[in-house]
Each structure stands twice: as structure tokens, then as C-alpha cells.
Amino acid sequence: MAVINLKNREIECKIVYYGPGRCGKTTNLQYIHKTFRKQVTGDMVSIDTDGDRTLFFDFLPLGLGKIKGCDVKVQLYTVPGQVQYRSTRELVLKGVDGVIFVADSLKVRREKNMMSLKDLHENLKKMNMNIMKIPLVLQYNKRDLESKGFPLMSIEQMERDLNRQLKVPHFSASAFTGEGVGGTLTECMKLTLKHLQKEFQWAQA
Amino acid sequence: MNFGANIKTMLKEAELYRSQGLLNEALQQYKTVESMIRENEHVKNRDSLLQKISNKISMIKAEIEKFDKPSPPPKVSEKVQKLMREMFSFDDPGIKGSAALGGAISLAEFGQYDQAIEEFAQLIDYKNLRMEAAKNILKFGIKHQGADPTVSRFEKWISDTRFTPEDIAVLKHYLQDLLKHAGIESDLDRITAAAAIEPESEVDDEDLLDISAIHLKLPKGPQKNDKIELDVNFQHGNQINLIVSQKEKGIIESLDTGDLINGVTFYSPVAIFSGTVHVMSKKPIGAGPKRGDFSINLKIIRIEAG
């Protein structure tokens with residue numbers, strides 16, 4: 001739930017990176033933390049297991065500066081992808097304003113992508129939110145692995161699997177190299193701010 | 001692709017999956033390759049290859065087991081706890097202090113039970129949050145500490161003056177539901193009935209000397225059987241009050257409301273005598289210079305002859 005202070009002209013919104021385990025959500029945040037130093041306003045918090053799996057969440061605060069007369073702050077979160085952390089995902093998703101769904105391009109992860117998107121849909125529903133209405137962007141991650149000999153799904157196939165009904169913007173990406181990471185976040189931010197504008201009329205003409 | 005080249009590609013893929021942390025996929029791939037080699041007797045170095053694959057499978061299985069093994073959530077740093085409190089609790093402007101309650105709930109949801117229960121316990125002092133805080137202590141207590149300590153905590157609330165009999169009835173019903181849901185049998189009716197009985201004192205108020213200190217053997221807890229001496233804060237007839245510093249955790253944990261302690265020595269300016277005391281209440285002090293210390297009320301039940 002965005003915090004909008006019209007008196008001070010401040011907006012704080014929450015973007016959550018969702019997706020199956022090991023799809024690259026944390027890597028997205030690490031890349032943003034490393035690359036967008038000007039916008040990063042605090043430390044990145046990561047709580048993971050010794051096997052490098054996110055346990056509770058990752059958190060990164062950003063300040064985007066003035067947009068349409070408002071000081072825009074963004075909190076980026078990732079959820080733990082492993083199936084067993086369902087209740088933690090629900091908790092992290094609470095009050096979300098925009099979602100980036102990170103899908104794994106590896107062929108062997110096809111089913112896991114679909115299951116995770118279904119999980120997102122169900123968790124949003126529990127919070128009386130609609131996956132068809134929330135600002136959502138799909139990121140098809142790990143495209144760089146093709147050159148290392150991994151069998152990947154084609155973008156067309158991923159679109160058919162995940163985006164046939166949603167029809168939301170999608171990006172090819174490699175969170176490891178940084179390709180598509182900024183584009184995905186920018187698009188999600190645009191959709192989120194537009195959505196909040198419709199709801200709260202925060203922007204100055 | 002011929003058989004050898006196919007096996008080589010599949011093994012490479014298996015190792016790549018492993019490098020990505022996709023252990024189940026790597027395991028599946030190795031198992032497929034293993035069965036393909038077993039079915040083909042003409043593979044060069046068949047036995048040594050099978051041995052190598054078998055070793056890989058064992059290693060991956062061990063890694064998967066390690067990740068799947070349920071382990072208690074780690075205690076996170078204060079900084080992260082603060083983040084959990086602030087970012088995941090939602091203030092209800094209509095309820096004063098709801099952010100503190102929400103913050104403690106967030107901590108508990110993230111498995112920071114000890115800290116959360118400590119914070120809930122502090123909120124019991126606030127009337128508008130008392131019942132919610134107590135319910136959360138019971139809920140997360142059952143989840144984290146199990147039934148016995150949670151029931152014992154509830155037992156202490158029965159004689160805690162902050163809770164009315166109506167509050168206790170509501171909490172009892174709530175705890176009963178939690179226990180039932182967890183498949184645990186517990187006779188709360190017996191506990192509430194037993195706790196209501198306070199032993200009658202045989203000591204006449206008028207005859208009692210002024211007591212300046214007492215000496216007793218701790219009946220249970222981490223310092224069980226330790227002999228301690230405590231100054232009396234004030235005395236009213238056969239009831240005496242002690243202030244125990246919060247640093248004396250061992251003593252505080254060894255004395256509970258309802259305890260009956262025999263062999264207590266009472267020191268008065270004119271005589272030393274011994275007897276039995278009943279712990280009437282034990283409460284943390286909420287304000288003033290002794291905030292955080294414990295106030296313990298004892299009733300002298302019996303004085304030994306002679």
C-alpha cells in the first residue's frame with residue numbers, strides 16, 4: 001500500500017519481485033544495488049540461508065527524485081521462491097503496489113514458472129487484489145545461459161505459457177549481466193505510478 | 001547424435017543445473033543418464049562412469065536433504081528486526097499503539113518468536129492492547145515453545161490482577177481452541193480451578209514481628225536449591241513484598257505465583273524464625289526508577305514452632 005503524503009508531496013511505494021526459487025530475483029536486486037548507486041538510498045538487506053537461498057526477503061530502498069512535483073521513494077522487495085515459504089511470500093506481498101514476475105527461461109523450469117504465477121494470483125486474491133489489474137511486468141530471465149549450452153525456452157513459448165491472458169509488458173533479461181534489469185524496473189515503476197495517479201491524483205499538471 | 005555424445009551433453013547439462021542451484025533438476029538428469037548407461041552394455045568404461053555418476057547422485061541427494069531439513073528460523077540482527085517491525089506492520093489510526101502490536105506480530109510471523117513474545121508481554125500493560133497481546137503470546141507460544149510453557153504462562157495470568165475473570169475466561173477459550181487445533185490434550189478447567197485456591201494463613205497479623213529480610217531455598221528453575229537472601233520492601237500484616245532486580249533472572253524464574261515454599265527463615269530486628277510462604281503475585285514494575293524489576297508478594301502461611 002503506497003504511502004502518499006500530498007501535503008509534503010511525497011510518495012512511497014512497494015514493488016515486489018516474485019517468481020520461482022532460483023529464478024534470479026535476488027540477482028536483480030543485487031544488480032540494481034550495484035549499478036544504480038545514485039538512486040539507492042540505503043543498504044540492501046538480504047536474509048538468506050547458507051545455500052544462498054532467500055529465507056525471508058531481500059530489501060532495497062530507492063529514491064527516484066522528483067516526478068511530476070512529487071518526491072518518489074520506492075521499496076524493492078523479493079519473496080523467497082521455495083515452495084515451503086508460502087506464508088512468508090504472503091507476508092512480503094502485503095501492501096504491494098507493483099509486481100515484477102521473474103520467470104526462469106530454462107526449459108526444465110517451465111512448470112515451476114507456471115506454478116509460481118498461479119501462487120502469485122492466489123496470494124493477491126487473498127488480499128482482494130486482482131492479478132489482471134495490479135501493475136505487473138514479466139521478466140524472462142537467464143537469457144545469457146543459452147550461450148553456455150543450457151536448453152532455454154523461446155520467448156514466444158514463455159509468452160504463451162505465462163502472458164497469454166495477462167497481456168502485460170515483458171522483458172528478456174539476464175540479471176547476471178544486467179541486461180533488461182533496468183528496463184523491467186522502469187516499466188514497472190511507470191505502471192505503478194500511473195496506477196497510483198489514477199487512484200490518488202497525486203501528480204501536478 | 002550418437003549415444004556417447006548424447007550422454008556427454010546430458011552430463012554437462014546436469015552439472016550446469018547444479019551450478020545454478022537447481023538440485024532436483026540436476027539429480028533427475030543424472031538419474032536419467034545412469035539408467036541409460038545401465039541399459040547399454042557397450043559403453044566404454046561403463047563401471048567407472050556409473051561409479052562417478054552414483055557419487056554425484058549421493059552428493060546432490062545430501063545437498064537436497066540439507067535444504068529440505070526443517071530448521072528453526074535464524075535470529076536476525078536488530079537492524080533487520082526493526083525493518084520487519086516497520087515495513088510489515090500496518091498502523092490502525094483508530095487504535096493507539098496498534099503499530100507496536102503489528103510490529104510484534106510481524107516479528108513473530110518472521111520466526112523471531114523470543115523478541116516478539118517479549119514485546120507482546122510488554123503490551124499487556126496497556127488495557128486496549130492487553131487481550132490481543134495475550135492471544136498472540138498464546139498463539140505463537142504454542143507454535144514456538146510448545147504446549148507446556150504456554151499453558152504455564154496462562155496459569156500465571158489467572159492470578160495476575162491485570163486480567164479480569166472475564167478476560168481469563170476468553171483467553172481460556174482461545175487457548176483451548178489452539179490446543180485442540182494442535183491435537184494437544186490439556187485440562188485447562190482443572191488448572192483454572194486449582195489456581196483459584198489460595199491457602200489460608202494460620203498466622204495472626206497482630207502477633208507477627210516486623211520482618212526485615214528473608215532467607216529461602218529456591219524451589220525450582222535454573223537456580224534450584226540455591227539459598228538466597230532478600231530484603232523486605234514493605235510488610236502489611238502477614239503479607240510481605242520483595243523487589244527483585246531484573247538482573248536476577250534466575251531468582252525471578254524460580255518463583256511463580258501459586259508456589260508454596262517451606263523452610264523460609266524470617267529475620268526481624270528482635271528474633272529469627274522460620275515458616276512457609278505462598279507466592280501471591282509476581283509482576284514486572286512498569287514505571288519509576290525500578291522499572292523492569294519484579295515486585296513479588298508473599299503471604300506467610302505458617303510459622304514453625306520453636
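1. In strand β5 of chain B, Phe273(B) is the bridge partner of Phe266(B). Strand β4 (residues 260-267) and strand β5 (residues 272-284) of chain B run antiparallel and are joined by six bridges. Strands here are DSSP runs of type E with at least two residues, helices are H or I runs of at least four, and both are numbered from the N terminus; two strands pair if DSSP finds at least two bridges between them.

2. On provenance: this is a predicted model, in which local features need pLDDT of at least 70 and side-chain atom pairs count only at pLDDT 80 or more, while totals for chains, interfaces and linings use all residues. Residues are numbered from 1 along each chain as its sequence is written, with chains lettered from A and ligands numbered from 1 in the order in which they are written.

3. In chain B, six strands close into a barrel with antiparallel pairing, in the order β1-β2-β3-β6-β5-β4.

4. Strand β2 (residues 227-236) of chain B is joined to β3(B) by four bridges, and the two run antiparallel. Gln239(B) is the bridge partner of His236(B). Two residues lie between the strands of this hairpin, and Gly237(B) takes a positive phi near 60°.

5. β3(B) also pairs in the antiparallel sense with strand β6 (residues 294-303) of chain B, over six bridges. Here Ile243(B) stands opposite Ser295(B).

6. Chain B is divided into domain 1 (3-68), domain 2 (78-195) and domain 3 (205-303), with bounds from an automatic or database domain assignment.

7. The largest nonpolar core has 90 residues, and Val16(A), Leu76(A), Ile100(A) and Phe101(A) have the most contacts inside it. Such a core is a set of buried Ala, Val, Leu, Ile, Met, Phe, Trp, Tyr and Cys residues joined through C-beta atoms within 7 Å. Helix α5 (residues 181-200) of chain A gives the largest share of this core, seven residues. Domain 1 and domain 2 of chain B both give residues to this core, so it lies between them. A second, separate core of 16 residues includes Leu216(B) and Phe294(B).

8. In chain A, 14 residues are in contact with 15 residues of chain B, contact meaning C-beta atoms, placed from the backbone, within 7 Å.

Key:
Buried ≥ 20, exposed ≤ 12 C-beta atoms within 10 Å, placed from the backbone. Contact = placed C-beta atoms within 7 Å.
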